[in-house]
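Please look through the sequence and the model first.

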Amino acid sequence: MMERELRLMKGNEAVAEAAIRAGADGYFGYPITPQSEILEYLMEANPYKTTGMVVLQAESEVAAINMVYGGAACGKKVMTSSSSPGISLKQEGISYIAGAELPCLIVNVVRAGPGLGTIQPSQCDYFQAVKGGGHGDYHLIVLAPASVQEMADFVELGFDLAFKYRNPVMILSDGAIGQMMEKVYLKPKKNRSTVIYDWATTGKPASRERNIITSLDLDPYAQEIHNQNLQAKYREVEKNEVRLEEFQTDDADYLLVAYGTSARVSQKAVQLARAEGIKVGLLRPITLYPFPSGRLKELSRQLKGILSVEMSAGQMVEDVLLSVSGKVPVSHFGRMGGVIPTPEEVVDSLKLKIIGG
Amino acid sequence: MAKIRGSIVINVDKCKGCEVCVVSCPTGTIALAKEVNGKGYNYAYPANPELCIGCANCAMVCPDGVITVYKTKI
Amino acid sequence: MKDVTGIKEIIKPENLVYKRSSVLTDNVFSYCPGCGHGTAHRILAEVIEEAGLQSETIGVAPVGCSVLLYEFMNVDVQQAAHGRAPAVATAIKRLLPEKFVFTYQGDGDLAAIGTAETIHACNRGENIMIIFINNGIYGMTGGQMAPTTLEGMKSSTSPYGRDIKLMGNPLKMTEIVATLPGTYFVTRQSVHTPANVKKTKKAMKKAVEYQKLNKGTCFIEIVSNCPSGWKMSPVESNKWMEENMFPFYPLGDLKVPAVE
């Protein structure tokens, strides 16, 4: 077997390289800061010449996500990436993809909003990512990388989950992880899949009925059955796919819950607090949907309080509250507008809102 | 001289009685029936079958694809 | 009810000259009586059948009256979001370049909400066939003004007739895409008479051949009627179309290959 390759890369570049190596069939994107490196890297790498991967700069985010729809409906491993305002534009397409049960990967390198906001990192799109985002009852599977390594690893994981459940998967990153450089171990290149899926539109041979990719059903009873089937799938996802990382939770009296860049800050905050004799741990959800509610509920029995640390006005904190059902005090600390909190601020907030409270 | 004779078959259930075939028929073969089909449409039918020349004009313009055309020389 | 037939003696397999294409399903078209959509579907199915492309075809039908195209055409079909079919088809064709890919779009879809996707797919010269049904109205939602609604033409959102000062001008998308270097064959046809049906079918056949040769985008506008939206009988609507639509949207080729 080929050795893993060690490189120093930006998070965005790692996504692009990992996509080529994961055997992606297509990438459709549109420039927006802070994720344009993904498209730039792929254009420069020109994987069409080596693996046959199609890379196309679309005329808009809307066109890009609909190209993903078209490719995914052919059973191809296709993806797009964008940042917050662009992801908002993609929501209609994402809803169609979820409704038509197509596999694909969407990378959101989040910047602060609302509106044009700023290009600085933020976690203000949590609700949009984990609660659906577009119209209709649906869920994406949402992966939250906290390192350049995970930016790379979650591309293949994302595709695997997308095809396992025929469901769109989102990597919810942020501008810090997209732009920062770290070492990353890259997996050897996989060949593109030659599988022809029996549900995909690849041209109807005489041996099968025509395949129809649609999210439309004018019969409300049939549509409700479709909705019920989707919900059953989400329950399966919730049962099977929760991923999380814990840091010093064994003896913890207090818990920080944080993902992505906030988790990196919070890990340092745990060290600072422990140096002061406060027994703090960290739970880092790796999957934001499905949310690690079960483990949080378990941990809540030993805890005196939980602080949800997010670069937002407090979004994930709602899922933390739902997980522990009022059994333990929960509060939120966040910075907004593209500001990354410091570990000291986190510790101060823990003392003020949880320990002191 | 051989004479061209045609004949059409109209799927009554699928016909919506739009009359586009009637006006496209060069020989006046087709008319709308006084009776209606299951959907309540006055369906097209070969009112003067002996006039049909099998030109398939009716079938070509039929928006619902309900007309089959046959032709022979006698 | 039973089929009605002409002279029974002539109805023999060896005498068959025209029958419903096998690339159509048995489902009854959901279109209103006399609507050109059905005729356009039929011709498209015939072209696919005659070219032997049923197993190689992937169609894209976005939102509009023809959103249910997949109920009627016995080929693999993707239903797309409103206006986005050219983007969807772009990806299909690039990922499966050996397949025959078409979009089937109405005027609201192609010339209003999907203007960007239409222009950019044509400008990139995507190897797809775009069928553009222009009946100057939003049929599916109940007869609202479309980008192609004629000046003075009444619709439910231009009840006093389209006022150019207030509502802008009808858009000639076919003329626009004909100026783009990516389009190879651009034509405007209709399907309301046998002669026009033959011409439209010929245009589609050309588009199939050009796609095989990777020539670029083939764009076929079909000026059509909307009896329900126009509040006319089918036969009246075809006459009205000839008298009012054709002067503004003249039939014929807008762009043909230099050397055929």
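## Basis of the model

The model is predicted: local features need pLDDT of at least 70 and side-chain atom pairs count only at pLDDT 80 or more, while totals for chains, interfaces and linings use all residues. Residues are numbered from 1 along each chain as its sequence is written, chains are lettered from A and ligands numbered from 1 in the order in which they are written, and side-chain values use heavy atoms, with hydrogens and water left out.

## Contacts between chains

Two pairs of chains touch, and chains B and C make the most contacts, a contact being heavy atoms within 4.5 Å. Chain A and chain B share no contact; their closest C-alpha atoms are 20 Å apart.

Between chains B and C, 42 residues of chain B meet 36 residues of chain C. About 3,100 Å² is buried there, with 65% from carbon and sulfur atoms; buried area is the accessible area (1.4 Å probe) that two parts lose on being put together, summed over both. On the chain B side, B:K14, B:M60 and B:Y70 lose the most area to chain C, together 20% of what that side buries.

## The two domains of chain A

Chain A is divided into domain 1 (5-204 + 228-240) and domain 2 (245-355), with bounds from an automatic or database domain assignment. Their centres, taken over C-alpha atoms, are separated by 27 Å. In the contact between them, 33 residues of domain 1 of chain A meet 26 residues of domain 2 of chain A. The area buried between these domains is about 2,300 Å², and carbon and sulfur atoms give 54% of it. Within domain 1 of chain A, the residues losing the most area to domain 2 of chain A are A:Q123, A:Y126 and A:F127, together 33% of what that side buries.

Three salt bridges are found across this domain interface of chain A, each a side-chain nitrogen of Lys or Arg within 4 Å of a carboxyl oxygen of Asp or Glu. A:E182 forms a salt bridge with A:R264, whose closest N and O atoms are 2.6 Å apart. By contrast, the interface of chain B and chain C has zero salt bridges.

## A covered helix in chain C

Helix α3 of chain C spans residues 85-95, and ten of its eleven residues are buried (under 20% relative accessible area, 1.4 Å probe, protein chains only). Helices are DSSP runs of H or I, at least four residues, numbered from the N terminus. Among the buried residues of α3(C) are C:V88, C:I92, C:K93 and C:L95.

Terms used:
Buried means under 20% relative accessible area, exposed over 50%, partly exposed in between (1.4 Å probe, protein chains only). Helices (H or I, at least four residues) and strands (E, at least two) are DSSP runs, numbered from the N terminus.
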